[in-house]
Amino acid sequence: MTTNQTVAVIGLGNIGQAVAANLSKSGRVFIAADRNLEKAKTFSEQCGANAKPRDIASAVKNAGIVILSIPFEAIADFLKDYKKDLEGKIIIDPSNPIAPDENGGFKKIIDSNASAGQINSALLPNEAKLVKALGTLGVASLTEAAYQSPEKAVLFYASDDKSIDTEVEKLIRDNGFQALRIGGIDQSIRIEVFGDLHEFGALGKTVNLSEAKTKI
C-alpha cells in the first residue's frame, strides 16, 4: 500500500474542521469539501495552503482516502450516490449513531448491539475498504489533545484489511495522535459512543499508548 495518498475531508462540521485543522498542522496537503462550496473555500483560506477546497463530487473523484465527516444517517445515501468513484478507495468512518434524547443527553439510534461500522461496511462499493477511525474522541479532545507531548494521545481504529494499516496509521499520525488497531470492523462498537474504548464511554478520557494497551 502506497502511503501519503490524497485525503479528502467530506463535510466541514465540528469533526471535519477538527480533522482538517490537524492535518494542516502536519503539513499534509488535503482536500476540504462541503456541500456548501463557499464554506469550503473560506475554511481552506483559514487553514492555509495545505487545504484545497473542492465540491464533494470532485473531492471524491480525486482522493484515495475519503473521510466521511457527515452524520451517520447520511452515509448510506452518500455511499450509494458516489458508488462508482468510491470503488477501491479507503473510506474513513468517524460516525457515531446517536441523537439527542429527552433528558438533554444522547441516545443510540440503532440497536444497542449494533455498530455504525458494521452497518456501513455492508454498504461498501466494490473493493472499497472501510476504517472506523477519528471518532473515538469528542471534538474538544480531538483538537486539544492533538500533537501533545511528551507522549501522544491514542486514536483507536478498526479495519478488516490489514494491508491498509500503514496508510491509516500515517493518517492518524498526521492528525497528531498515536494510532492503535483494535481489530476488525466487528470491534468497531467498542470505539463508538458508549463503547468501552470511547471517550464518552467506559474509557472516559484520552490515553497514551501504554495506557491504551491495557484496555484492549
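Me: How many residues does helix H1 have, and what distance does H1 reach from its first C-alpha to its last?

Reply: Helices (H or I, at least four residues) and strands (E, at least two) are DSSP runs, numbered from the N terminus. The expected span of a helix is 1.5 Å times one less than its number of residues. Helix H1 (residues 14-26) has 13 residues and reaches 19 Å, close to the 18 Å expected. Please note that this is a predicted model, in which local features need pLDDT of at least 70 and side-chain atom pairs count only at pLDDT 80 or more, while totals for chains, interfaces and linings use all residues. Residues are numbered from 1 along each chain as its sequence is written, and side-chain values use heavy atoms, with hydrogens and water left out.

Me: Which residues of H1 are buried, and what covers them?

Reply: Buried means under 20% relative accessible area, exposed over 50%, and partly exposed in between (1.4 Å probe, protein chains only). In H1 the buried residues are Gly16, Ala18, Val19, Ala20, Asn22, Leu23 and Ser24. Their cover includes strands E1 (7-10), E2 (30-33) and E4 (65-68), together with helices H2 (37-47), H7 (139-144) and H8 (165-173). Just after H1, Gly27 takes a positive phi of about 90°.

Me: Where do the buried residues of H2 fall when seen down its axis?

Reply: An α-helix has 3.6 residues a turn, so residues three or four places apart point the same way. The buried residues of H2 are Ala40, Phe43, Ser44 and Cys47. They fall within an arc of 105° and therefore line one face of the helix; the arc is that of the directions from the helix axis to the C-beta atoms. These buried residues pack against H1, E2 and strand E3 (51-54). The face turned away from the buried side carries the exposed residues Glu45 and Gln46.

Me: What is found at the two ends of H2?

Reply: Asn36 caps the N-terminal end: one of its side-chain oxygens lies 3.1 Å from the backbone nitrogen of Glu38. Just after H2, Gly48 takes a positive phi of about 105°.

Me: How many salt bridges does a search of the whole structure find?

Reply: Side chains of opposite charge can pair when their charged atoms come close. A salt bridge is a side-chain nitrogen of Lys or Arg within 4 Å of a carboxyl oxygen of Asp or Glu. The search finds 10 of them. In one, Asp174 pairs with Arg28, the closest N and O atoms being 3.0 Å apart. Asp174 lies in the loop between H8 and E10 and Arg28 in the loop between H1 and E2, so this pair ties together parts that are 146 residues apart in sequence.

Me: How many residues apart in helix H2 are Glu38 and Lys41?

Reply: They are three residues apart, which means that about one helical turn separates them. Glu38 and Lys41 form a salt bridge, with the closest N and O atoms 3.6 Å apart. Glu38 is partly exposed at 48% relative accessible area, and Lys41 is partly exposed at 35%.

Me: Are Glu192 and Lys132, which form a salt bridge, buried or exposed?

Reply: Both are buried, with relative accessible areas of 1% for Glu192 and 2% for Lys132. The closest N and O atoms of their salt bridge are 3.5 Å apart. Glu192 lies in the loop between E10 and H9 and Lys132 in strand E8, so the pair ties together parts that are 60 residues apart in sequence.

Me: Which polar contacts does the side chain of Lys132 make?

Reply: A polar contact is a pair of N or O atoms within 3.5 Å; within protein, one must be able to donate a hydrogen and the other to accept it, and residues adjacent in sequence count only if both atoms are side-chain atoms. The Lys132 side chain makes such a contact with the side chain of Asp93 (3.1 Å), and one of its polar atoms lies 2.5 Å from the backbone oxygen of Ser95. The side chain of Glu192 reaches the backbone nitrogen of Ala116 at 3.0 Å and that of Gly117 at 2.9 Å.

Methods:
Contact means heavy atoms within 4.5 Å.
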